[in-house]
Amino acid sequence: MINLKLLESNYDEFVAKLRGKKINEEILANLLDTFNTLKKERQELETLQSVQNAKSKELGILARSGGDVSALKDELSANKELVAKASEVVRKLETKLDNIASNVPNITDDDVPFGADEDDNVCLKTVLEPAKFDFTPKEHFELGEALGWLDFERGAKISGSRFTILRGDGARLSRALVNYMIDFNSARGFELVNVPFLVSSNTLYGTGQLPKFEEDLYKVRDEDLYLIPTSEVPVTNIYNNEIIPAENLPIKMTCYSACFRQEAGSAGRDTRGMIRQHQFEKVELVSITKPEQSEQVLDEMIACASDLLTSLGLPHRHMLLCSGDLGFSAAKTVDLEVWLPGQGKYREISSISNTRDFQARRAKIRFKEDKKNALVHTLNGSSLAVGRTLIAIMENYQQKDGSIAIPEVLKRYM
C-alpha cells in the first residue's frame, strides 16, 4: 500500500512518480479527493464526539446538583444521532479510500529511469561472454524433444497447453538445479524455508497480488484459497501482522516452490517450448530489513543470483527496469537476463525487487526499535527460475551431436 501521507505532503511528486507506471491519473485525482473528504469528515466527527463528551460531563454535574436535565438529555440524544451518521459516513469513505489505494502501485525510487516498456530498460553490466558455436545452435524444445527430456504432447494431453513433462535426465537435471540453488543460497546466509503452495486472499493482498491481479491466479472453488504465483507470497507473509525485534533484522530466506499462473495477458507469446508455463518451479530469495538496510540487501540478493548464474557458466546481463516495466509492488527492480544462443537473445531468468515499505504496510509487518514500531522493507527475487535455467543450460551447453554437457558444479547433484 502506498503511504497516503504523501498525498498531503507532496502530491505533485507523488503523481510524477506514479505517472511512469502508466496509472490513470483520474484514479489519483479520485484518491486525493476521497482522502481530503475523509479528512474533513473525520474532523467533523471528532467535533461531534467532543461535544458529546462535554455535554455528558455537564449532564453528570447537573444531575448531581439536582438540576433539570431534560433539555440536556434531548441535546445529547440529538447529537448522538449526528455522531452515528457521521461515523457511518467516515466508515464508508475509509472503505472507498482503501479500495482505491489497494489498486494504486508503489511509487518508483529516484534512480529508476523513466520509460515506457522493456525497450527503455538500462543495461548495468554483462557477465561472461556468449560462447561461439561452429554449428547453428538449436532452441531448447528441439534439443529436449530429440533427447526425450521434454514431452510437450503428453503434457498437453493431460493438462492442456503450456504444461510440460520432464523425463529422464531432463527431470534429473531439473532436480539437481533445485538442490544446487538451495545449497548456494544457504551458503550466502539465506535460511531455507518450506511453505504452503495454497494461500488465503489476505496473504495475496499483503504482497499486492490482490485485488488487482486476480485474473492471473488459480482459485480453489468455494474456498478462500489460491495456488501461489510465486513463493514470495507465502514467505513474505510468514511475518504478516507481526512486530519483529530490531536485532532480528535482516531476515533472509530462500524457498523452493512450484508456481502457478494463468498467464492471462500472454496469449500468443512463447507458445513453443517451456519459456512461459502455467506451472513452473522457482527458487526464491526473500528479505525483510530495516529501511536503512534494504539497498545493501538488494545488492546482496542481485550478487547472489548473478554469482549463481556465473557458477553455472551462463552468460547474463543486469538490467535496471524503467518505470513502465516495473511490477506493481516494486519501487526498484534489477532483472538478470540469460543468453539463449538458440534464440540469439537475452531472456529474463531472475527479477530482484525492493518494494520498500509497500508490502509491509499492506501486510502490517513492523519492527520495534527504541520502543517505537516502524514498517520494515521487504525484498524478493528469483534465484533462479528453474525451468528457464534448465533451458539456458540446454542451449548453452549443447554439443554438435545434439547432446547436452553438464556444468561441472552440477555433476555431483546428478
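This is a predicted model: local features need pLDDT of at least 70, side-chain atom pairs count only at pLDDT 80 or more; totals for chains, interfaces and linings use all residues.
Residues are numbered from 1 along each chain as its sequence is written, and side-chain values use heavy atoms, with hydrogens and water left out. Local features need pLDDT of at least 70 and side-chain atom pairs count only at pLDDT 80 or more, while totals for chains, interfaces and linings use all residues.

Start with the whole chain. It holds 12 helices and 16 strands. Both are DSSP runs, numbered from the N terminus: helices are H or I with at least four residues, strands are E with at least two. Along the principal axes, the C-alpha atoms fill a box of roughly 105 × 45 × 40 Å. Of the 414 residues, 49% are buried. Buried means under 20% relative accessible area, exposed means over 50%, and partly exposed lies in between, with a 1.4 Å probe and protein chains only. Contact means heavy atoms within 4.5 Å. Among contacts with a separation of 6 or more, 75% join residues 24 or more positions apart.

Now the sheet. Eight strands form an open, mixed sheet in the order β1-β11-β12-β13-β16-β10-β9-β4. Two strands pair if DSSP finds at least two bridges between them. The edges are β1 (122-127) and β4 (191-192), each pairing on one side only. Strands of a sheet pair through backbone hydrogen bonds, either parallel or antiparallel.

Move along that order to β12 (332-340) and β13 (345-354). These two run antiparallel over nine bridges. V334 has I352 of β13 as its bridge partner. Four residues separate the strands in a hairpin, and G344 in the turn has a positive phi of about 70°. Strand β13 is mostly covered, with seven of its 10 residues buried. Its other link here is to β16, antiparallel, over three bridges. There S353 stands opposite N380 of β16.

Next come β10 (residues 279-289) and β16 (residues 377-385), which pair in the antiparallel sense over seven bridges. L285 is bridged to G381 in β16. S287 also belongs to β10. Why does S287 count as buried? Because its relative accessible area is 0%. Leaving aside neighbours within four places in sequence, S287 is in contact with F190, I251, K252, V297, M301, H377, T378 and L379.

Helix α7 touches β4, β9 (251-260), β10 and β16, and its direction makes about 5° with that of β10. Helix α12 lies across β10, β12, β13 and β16, at about 40° to β16. Axes are lines fitted to C-alpha atoms, for helices over the stretch in contact, and angles between N-to-C directions run from 0 to 180 degrees.

How do the two helices meet? The axes of α7 (residues 168-187) and α12 (residues 386-396) come within 10 Å and cross at roughly 115°. From α7 the contact takes G170, L173, S174, L177, V178 and M181; from α12 it takes V386, T389, L390 and I393. These residues divide into seven nonpolar, three polar and no charged. Here Ala, Val, Leu, Ile, Met, Phe, Trp, Tyr, Cys and Pro count as nonpolar, Asp, Glu, Lys and Arg as charged, and the others, Gly among them, as polar.

Strand β8 (residues 243-245) runs parallel to β14 (residues 366-369) over three bridges. P245 has K368 of β14 as its partner. On to β15 (residues 372-375): β14 pairs with β15 in the antiparallel sense over four bridges. F367 is bridged to A374 in β15. The hairpin of β14 and β15 has two residues between the strands, and D370 in the turn has a positive phi of about 55°.

Last, the annotation. An unreviewed UniProt entry marks R261, Q262, E263, E348, I349, S350 and S351 as "binding site". UniProt positions are in the numbering used here, feature names are shortened, and annotations may be inferred rather than shown by experiment. Where does Q262 sit? Q262 is in the loop between β9 and β10. Q262 counts as partly exposed because its relative accessibility is 32%. Beyond neighbours within four places in sequence, Q262 is in contact with E215, D216, L217, Y218 and H278. S351, by contrast, is in strand β13.
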